[in-house]
Each structure stands twice: as C-alpha cells, then as structure tokens.
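Here's a quick briefing to read with the model open beside you.

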Amino acid sequence: MKLINDWKQAWKLKSVQVGALSAFFYVLMYAAFELLWLFGSNFPQFWAAVPQEIKELLPHSWVLWLGFLNNVLSVFARLKAQPELHTGVNQFVAITAGHSNTDPGAVNGKIKEADLVVNFRNAVTHYLREVGLQVKTDGTGTKNDPLSAAVKLIQGSSFAVEFHMNAAASKQANGIETIALPKDKKLAQNLSKAVADALGSRLRGDNGWIDQSKSARGRLAYVNAGGLIVELGFISNEDELARFNARYWLAAKAVAKVLIDYEKGLK
C-alpha cells in the first residue's frame, strides 16, 4: 500500500484528527454504557434520563465496536494515497512540439525542425491516448502553436514534455539530451535513454539529463514552468537525421512507455 506524501505529519490533517477523536469518544461511550448496563440499578435517576433508543443499543454492544473500528479504519484510509479522488488535479498530460508553424527552428536543406517534432509529438500522443491517458497538445495534425500557448498547457498537468532537435556548426555533433529542472532529473534521463536506444544514438550530459543552469540556451520558459525539453538528436548530423526519420515511431513508442510508467508511479 502506497502512503500519501509526508504521512508522518498526518496528525496535522483535520480529517485524521476528527477520526481519531471520534474513535476515542466511541471508546468512552462504550465504557459508559457497559457501566450503566452493569450498575444501572444504582443510578436510577440517570438511567431514567437515557433515551429508549439508546437503551436498545446496549444489548448490541458490538454496534459500538463497529463504530469504533470504522473510525480507526477511516484514519488509515486517509493515510493511503488516493489519486483517483483528486479529479481536479493532474487530469491530463501535456505533449508539445518545439517552435511553430511560423518558426521553423533549425533547418537542414528543406527539412525543418518544427515539422519533425510535430510528427514526433503526434506519434507520442497516439500511444498515450491508446492507453487511455488524456493528452493536451499545442495543435493537431500539422498545426503547431507558438511557445506561449505550449507553456499555458503545463499548469495542472501531471507532466509536460516538449520535443526539439539540436543543431551545431559541426556535422559530427550528435546525441540525445533532455533539459529539465533537478527535480525531474530521473525522468529526463529515462526519456533520453528511450530515444537513444531506439535511434542508436549516444547520451549527452549527465546520462541524458542537462540541468537548465548548464544549458547553452540559458533559462527556458518551458522548463521554468515545470516542463521537460527532449532534444531528439542533431538535425545537422546527416546520419542521426536519417536514423530519426527511419525510426521515430519506435522512439515515440519508447518515450510513451516511459511517460506511461511515470504516470502510473504518480498513482
């Protein structure tokens, strides 16, 4: 059974306090009723004041014990993580493509980064929706909304991932990396490895993770808002570009699996 975060501090929760207090009073009630049952003849005035419906409960003391047990279990139930009850939080995942229909990003001849990452976004979205996840994207088909629209999708999501491709003056530059905040280091590494394994590429940075503070691009609005940016290889490297075009559906499926497993871990 997975407990809620900071379960050791659960005594501060009002629901736990009320449940524990209620259970305590059930014990007191049961003890009092047992005394009245055994020594009621010694307290004629008090006994006469007890409502008849309460007296009828006394021969069935197990009812009180059930009430006590119910309250004890309610405390433990409150400690157990129950994400299915939080219908207003983390109901969706955000999957976006870098650049936009008016910003092509890096270019290699007639091949545009924005077009490649849109295809990858659509493929990942397909696999995520196939298992029932609700996905919000920055466009459908060939549509690719600008960064300002993509950033807005991050709020309220379980996670937000955007896809880009690198470019460099050197045609030999290659590899996969994911730029993310330190809190998302493990997820970033898993995403990069999934892409690298599928495309036969190498990992850059710290096993595929690039801390935003060490990125050549500096602070990025998407990452600052809590998202992760996956660089799917170098569009300027002919070999890596060819492998991406040939295997991007495999890479998208691998990325989707990482994200599905991550989402399951949140629950």
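A residue counts as buried when its relative accessible area is under 20%. By that cut-off, 42% of the 267 residues of the protein chain are buried. Keep in mind that this is a predicted model. The protein chain has nine helices and eight strands. Among contacts with a separation of 6 or more, 78% are between residues 24 or more positions apart.

**The sheet as a whole**

- Six strands make up an open sheet with mixed pairing, and the order runs β4-β1-β5-β8-β6-β7.
- The edges belong to β4 (135-137) and β7 (209-211); each has a single partner strand, so one side of each has no neighbour in the sheet.
- On average, neighbouring strands here are turned by 25° against each other, ignoring direction.
- Helix α7 (residues 185-199) packs on this sheet and touches β5, β6, β7 and β8, with its direction at about 25° to that of β8.

**Strand β1 and its two partners**

- Strand β1 (residues 92-97) pairs with β5 in the parallel sense, over five bridges.
- β1 is mostly covered, with six of its six residues buried.
- Phe92, Ala94 and Thr96 point one way from β1, while Val93, Ile95 and Ala97 point the other way, and all are buried.

**Strand β8 and its two partners**

- How many of the residues of strand β8 (residues 228-234) are buried? Seven of the seven are, so β8 is largely enclosed by the rest of the structure.
- Strand β5 (residues 157-166) pairs with β8 in the parallel sense over five bridges, and Val161 has Leu228 as its bridge partner in β8.

**Helices α5 and α9**

- Helix α5 (residues 113-130) packs against helix α9 (residues 238-266) at an angle of about 35°, and their axes are 8 Å apart.
- The crossing of α5 past α9 is right-handed.
- On the α5 side, the residues in contact include Leu116, Phe120, Ala123, Val124 and Tyr127. On the α9 side they include Leu241, Phe244, Tyr248, Trp249 and Ile260.
- Sorted by class, this contact has 16 nonpolar, three polar and one charged residues.

- The Ser236 side chain reaches the backbone nitrogen of Ala168 at 3.0 Å.
- Setting aside neighbours within four places in sequence, Ser236 is in contact with Asn108, Asn166, Ala167, Ala168, Ser170 and Lys171.

How values were computed:
Residues numbered from 1 in each chain as written. Predicted model: local features only at pLDDT ≥ 70, side-chain atom pairs only at ≥ 80, totals over all residues. Heavy atoms only, no water. Buried < 20%, exposed > 50% of the residue type's maximum accessible area, 1.4 Å probe, protein only. Helix = DSSP H or I, 4+ residues; strand = E, 2+ residues; numbered from the N terminus. Pairing = 2+ DSSP bridges. Axes fitted to C-alpha atoms, helices over the stretch in contact; angles between N-to-C directions. Left-handed = near helix turned anticlockwise from the far one by under 90°. Contact = heavy atoms within 4.5 Å. Nonpolar A, V, L, I, M, F, W, Y, C, P; charged D, E, K, R; others polar. Polar contact = N/O pair within 3.5 Å; in protein donor to acceptor, adjacent residues only side chain to side chain.
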